[in-house]
Amino acid sequence: MDSKPITLGDLAREIGGELVGDGSRMITALRPFDEAGESDVTFLDPKNAKMVAALPGSRAGAVIVNKTFGLPSGMNAIRIEPPHLGLARALAVLHRLPRKELGVSPAAHLGSGVVLGERVNVYPGAFLGDGVRIGDDTDILPGAYVGEGTGIGAGCVIHPHVTIYPNCRIGDRVTIHAGAVIGGDGFGYVPEPLGDGSSEPFRHAKIPQVGRVVIEDDVEIGANTTIDRATLAATVIGRGTKIDNQVMIGHNCTVGRHNIIVAQAGISGSTDLGNYVTIAGQAGLVGHITVGDRAVITAKAGVTKDVEPGKVLIGAPAMDIHEGRLAFKLLQRLPDFKKKIEDLLRRVKLIEDAAGGTGGEKKPE
Amino acid sequence: MDSKPITLGDLAREIGGELVGDGSRMITALRPFDEAGESDVTFLDPKNAKMVAALPGSRAGAVIVNKTFGLPSGMNAIRIEPPHLGLARALAVLHRLPRKELGVSPAAHLGSGVVLGERVNVYPGAFLGDGVRIGDDTDILPGAYVGEGTGIGAGCVIHPHVTIYPNCRIGDRVTIHAGAVIGGDGFGYVPEPLGDGSSEPFRHAKIPQVGRVVIEDDVEIGANTTIDRATLAATVIGRGTKIDNQVMIGHNCTVGRHNIIVAQAGISGSTDLGNYVTIAGQAGLVGHITVGDRAVITAKAGVTKDVEPGKVLIGAPAMDIHEGRLAFKLLQRLPDFKKKIEDLLRRVKLIEDAAGGTGGEKKPE
Amino acid sequence: MDSKPITLGDLAREIGGELVGDGSRMITALRPFDEAGESDVTFLDPKNAKMVAALPGSRAGAVIVNKTFGLPSGMNAIRIEPPHLGLARALAVLHRLPRKELGVSPAAHLGSGVVLGERVNVYPGAFLGDGVRIGDDTDILPGAYVGEGTGIGAGCVIHPHVTIYPNCRIGDRVTIHAGAVIGGDGFGYVPEPLGDGSSEPFRHAKIPQVGRVVIEDDVEIGANTTIDRATLAATVIGRGTKIDNQVMIGHNCTVGRHNIIVAQAGISGSTDLGNYVTIAGQAGLVGHITVGDRAVITAKAGVTKDVEPGKVLIGAPAMDIHEGRLAFKLLQRLPDFKKKIEDLLRRVKLIEDAAGGTGGEKKPE
């Protein structure tokens, strides 16, 4: 953790928080609760009971906390809502690293007609295909591959071993983490008769995928995530959307703006997501559906049809969260239901027998 | 989208379709419905209501469609069944790119005893270990790694950052997408007592994985998919099988011919699949089972035992699709069942009380 | 399968097993059951009925088997418990490959201040950032990336296209398979109002992830697995833990010692696992929970709260295995329950009607 020193008062101002205590104290880093010393600021999540209990013993020089938490007397602090915003901003201030100025490594490969903006770094082992365009202040890290004709905007970071297939478009301030694959072929085949009297009646003929992927500005894509190119047009990831590791997004999808897509989620081809949608971890969506704005698909849910704006879904196949929670709760009560049904059958039989067995004879099944 | 021009009549002949309208019209590309112009052919999926509604306004020079769809008068078309086969073939005709002839980049690494066929391209940063053999017309893209002693057939494309471990066998016309890992160690350990009186009673001793992976002809493997090498013999992927992104296939599996395995599915070790099996997205299979020909494992299903040929399974643990659909439907009716059971209990109690409470006393539990 | 010859007697001694038959027979390899010849040893899993049935016809020179299996007369063998431990040890003896001594390839990149131990191999295309330290006898394979300031211990193997981000710590005898990503940014954002009157009320502001990943000794990590760096402190993988392919471990997690984490499992941020925990394939754990020692999370389970030591969980949301199995069994009996409830309703109505319909009138809902 490299860092740069600042007074607590200046830090409070820079992050838009309210200073409590000694504004002249020098702060050199933001450190975890149990490692922070006198020249460090730390972060208190008021919902974290362990942290709260440990606070009086902390040696931290100051703490970033929400507006209402009751601090021990004498504790310096910066109050801000939500406190995680204070954390994000303070880390950006204290641990902002200067970009290296390496330029283009001679051990990188640049194809013909490559156009680089100002202050672009291309690390050893990176490969830029013919006609690639890279905007200002973008880093292409070791071993990253950018296919022919792809354009990348300004202020991007393309991490090691990222593969971007040809003819894709990446916006500004996009970060793509290691091993992600953008623009691989969509998974499209059509049965084609083999007609040679073999025991194999047909093969899966490939539908060539000649479309592209468009990633808009301010998107972040996690490690080993894959986003397939469209068959004809474009798979689109909207502005400000954040995608975690090992997510799979199929061909022809349109993902809206400011979505959150958590690790190992999968979105099948030709599905469209609105804005501010959340897809939690390991959730899966079938293809050719539409998910409305602000919908939340919870972890491991399996979504099989259109989702209205704002809906929260749970389970596979996915249900409305209230129905679903009730269903799962009652699922665990099935042994009790079974017992009650058996008890009822026995008691009703007794009643019927006592009445002469006329009214309740069971219909033959 | 590079493309090569052709008359509509020639295109119809080349793809085996039936020409409707002006066969002399020049076609330069296949474009999406809303982008196609007069010299483009487009594709109409008759099941896509949006497309169908937009058809009369389309400026496309011609449309590929099925045999029965009612076209607007004056619209040029190629009719073919299934229409997606026409799409696949027309893209292959119009967007077939000539392979580059680069030969072996001086920035690639070739080990000793490497044998290359005719017209092989090895891009910068690719690594071919000692004794690797590569067939004619195969492309090894930047950063791909082919371990010692591995053989790759003719007409293959090994995309960037693919890793093929040593001593594997890849057939002809195999495409492996970026980041896929073929032949990594199977996940096999055996508890071994530590016997040093430590608080850690045992460690997981590794079972060395000295087998290999065999990929037969005409297989396509998606980005970031992993297929582990066998412990002793071979993990086999049968001819014509298509595997999507982020699929995991464990050691010692035998996958049959012409299977379809969709993204994020996982197949545990020593499981065997027949031919024409479909494994949908995020499905999982335990190890040491057998799945019969033409079985379909639907999305997110969890298969725990052998599957008969032609069966369709749903859910986790997996059920026959009819049983499963009914079970999931009734799962959502549990609140209603609960209410009915409570109602019955109340009513039966009333009847028993009215009858003197003798017949129905509840047994103590 | 390279191998080195040894007498059966010596092999029995080296693996700690009991010799049966001709100890002077030369053994050159351990081969699969149906490929083994006279100079090979093979392995018999007594639970594998197919193998057991085929044993009398095997041409293997000897067989590794458990202590009680009834061998055909005249069959040479090594008896050991558990037999898989014999398999592991025999493979290590017979197929132990000598490490190559390549040193540092001129086609690798070494940053300033890199410190290498004895007998380190750095293959072509590998990248070691400034200040990286590598212990003795470690292999850095082609295209592996080790970020600035990261330390790797002795006896490690870092496979092709592995990415280790800056400032991580890798212990001794750690194997990381191809395409794994260690130390990518944790997935942490906080909503930040955009306040520019746009139709987009907020953006997801990134919480910089300035912590690290610590991998302890004797850990093995599978292909394309991702382990994110902590926000402030460390994501820790404990000694002896084995992780399969395509596993996702979120930021701030602490994974204990000797855990087994199977393919495609996902562990959300800030979750802590004890020792000897098993997480089966495609299971998922929410964040901020604790899993006790020796707990077992079965395949596809979705764990939403703390897990006590030794508990076995099944299903999503996860239940105790006994409850869960019963619930899933009864789920399939819902059609029967439905029928019984309907039958009861009919019969009770008949009884009530016969009694004058006074006692059982339904309350309005």
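A residue is called buried when its relative accessible area is under 20%, exposed when over 50%, and partly exposed in between, using a 1.4 Å probe and protein chains only. By that rule Gln264(B) is buried, at 9% relative accessibility. The model is predicted, so local features need pLDDT of at least 70 and side-chain atom pairs count only at pLDDT 80 or more, while totals for chains, interfaces and linings use all residues. Residues are numbered from 1 along each chain as its sequence is written, chains are lettered from A in the order in which they are written, and side-chain values use heavy atoms, without hydrogens and water.

Helices (H or I, at least four residues) and strands (E, at least two) are DSSP runs numbered from the N terminus.

| Residue | Relative accessible area | Loop |
|---|---|---|
| Gln264(B) | 9% | between S30 and strand S31 (266-267) of chain B |
| His159(C) | 12% | between strand S16 (157-158) and strand S17 (163-164) of chain C |

A polar atom of the Gln264(B) side chain lies 3.4 Å from the backbone oxygen of Gln264(A). Contact means heavy atoms within 4.5 Å. Leaving aside neighbours within four places in sequence, His159(C) is in contact with Tyr165(B) and with residues of chain C including Leu141(C), Thr175(C) and His177(C).

**The interface of chains A and B**

In chain B, 64 residues are in contact with 70 residues of chain A. Buried area is the accessible area (1.4 Å probe) that two parts lose on being put together, summed over both. Between these chains it is about 5300 Å², with 66% from carbon and sulfur atoms.

A salt bridge is a side-chain nitrogen of Lys or Arg within 4 Å of a carboxyl oxygen of Asp or Glu. There are seven between chain B and chain A. One of them joins Glu148(A) and Lys100(B), whose closest N and O atoms are 2.5 Å apart. On the side of chain B that touches chain A, H5(B) gives the most, with 10 residues.

**Helix H5 of chain B**

The expected span of a helix is 1.5 Å times one less than its number of residues. For the 21 residues of H5(B) (residues 334-354) this gives 30 Å, and the end C-alpha atoms are 30 Å apart, which agrees. Buried residues of H5(B) include Leu334(B), Phe337(B), Ile341(B), Leu345(B) and Val348(B), and also the charged side chains Asp343(B), Arg347(B) and Glu352(B). The buried residues pack against H4 and H5 of chain A, H4 of chain B and H5 of chain C. Just after the helix, Gly356(B) takes a positive phi of about 100 degrees.

Methods: A polar contact is a pair of N or O atoms within 3.5 Å; within protein, one must be able to donate a hydrogen and the other to accept it, and residues adjacent in sequence count only if both atoms are side-chain atoms.
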